[in-house]
Amino acid sequence: VERGLSRAADDVSRSRSVSKERTRAQVLNDMGKVRAQQGKLEDAAASFLEAAALEPSFLEANVNAAYALHQLGRVADAVPLYESALRLDSRNVTALFNLALARCTLGRCELATQELAVLDVVDPRAATELRRQLKEYFGK
């Protein structure tokens, strides 16, 4: 019996350590955050993009990659990543907000009404702020 309990304890211990292991995509996403904080936005974008490619269902990596590209002025490259994030979570406020801004930056403000309509329901404060920014930056 004692030997069985010992083996069971070992199995539990191993399963706990396995569940705490981070995926490569999670590690890359974390590295991207550090690089972004260090002001290395190109390197951060590369880490986020790799994380999103490794694990396409990783919402945070998609949002982070899109935002980094957006900040680098690669707005057209950011849009599909924001859209991917919204396919994963259609109510993601960050992706909705920034996709609307990206669409306007690309001269497609009429498409931003979709994101604005969802934000009105999901986060009215964010919708109000988005309207303010659209008016300030794009006169819309």
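**Notebook: helix packing, core and salt bridges**

**Entry 1: α4 against α5.** I started with the contact between two helices. L59, N62, V63, A65, A66, Y67, L69 and H70 in α4 meet V75, D77, A78, L81, Y82, S84, A85 and L88 in α5. I note here that the model is predicted. Next I looked up the axes. Those of α4 and α5 come within 8 Å and cross at roughly 160°. An angle over 145 degrees counts as roughly antiparallel. α4 and α5 are therefore roughly antiparallel to each other. I also looked up the hand of the crossing, and α4 passes α5 in a left-handed one.

**Entry 2: α5 against α6.** I moved on to the next pair. The axes of α5 and α6 come within 9 Å, and they cross at roughly 150°. That makes α5 roughly antiparallel to α6. The crossing of these two helices, α5 and α6, is left-handed. Which residues make the contact? From α5 I listed V75, V79, Y82, E83, A85 and L86. From α6 I listed A95, L96, N98, L99, A102, R103 and T105. V75, Y82 and A85 of α5 are also among the residues that meet α4.

**Entry 3: the nonpolar core.** I then looked for buried nonpolar residues. In soluble globular proteins, nonpolar side chains tend to be buried together. The largest nonpolar core here has 31 residues. Which of them touch the most other members? They are Y82, A95, F97, L119 and L130. I checked which elements give two or more residues to this core: α3 (41–54), α4 (59–71), α5 (75–88), α6 (93–105), α7 (112–122) and α8 (124–138). The largest share, eight residues, comes from α6.

**Entry 4: salt bridges.** I turned to charged side chains. Side chains of opposite charge can pair when their charged atoms come close. How many salt bridges does a search of the whole structure find? It finds eleven. I followed up three of them.

*R24 and E50.* R24 forms a salt bridge with E50, and their closest N and O atoms are 3.0 Å apart. R24 lies in helix α2 (residues 24–37) and E50 in helix α3, so the pair ties together parts that are 26 residues apart in sequence. Are these residues buried or exposed? R24 counts as exposed, at 53% relative accessibility. E50 counts as partly exposed, at 36%.

*R22 and D30.* The side chains of R22 and D30 meet in a salt bridge, at 2.5 Å from N to O. R22 has 45% relative accessibility, so I wrote it down as partly exposed. D30 is partly exposed too, with a relative accessible area of 28%.

*K33 and D30.* D30 turned up again. Its side chain meets that of K33 in a salt bridge, at 4.0 Å from N to O. Where do K33 and D30 lie? Both are in helix α2, three residues apart, which is about one turn of the helix. K33 counts as partly exposed, at 33% relative accessibility. Last, I looked for shared partners. Salt bridges that share partners join R22, D30, K33 and E60 into one network.

Key: Residues numbered from 1 in each chain as written. Predicted model: local features only at pLDDT ≥ 70, side-chain atom pairs only at ≥ 80, totals over all residues. Heavy atoms only, no water. Core = buried A, V, L, I, M, F, W, Y, C linked by side-chain atoms within 4.5 Å. Buried < 20%, exposed > 50% of the residue type's maximum accessible area, 1.4 Å probe, protein only. Helix = DSSP H or I, 4+ residues; strand = E, 2+ residues; numbered from the N terminus. Axes fitted to C-alpha atoms, helices over the stretch in contact; angles between N-to-C directions. Parallel < 35°, antiparallel > 145°, perpendicular 65-115°, else oblique. Left-handed = near helix turned anticlockwise from the far one by under 90°. Contact = heavy atoms within 4.5 Å.
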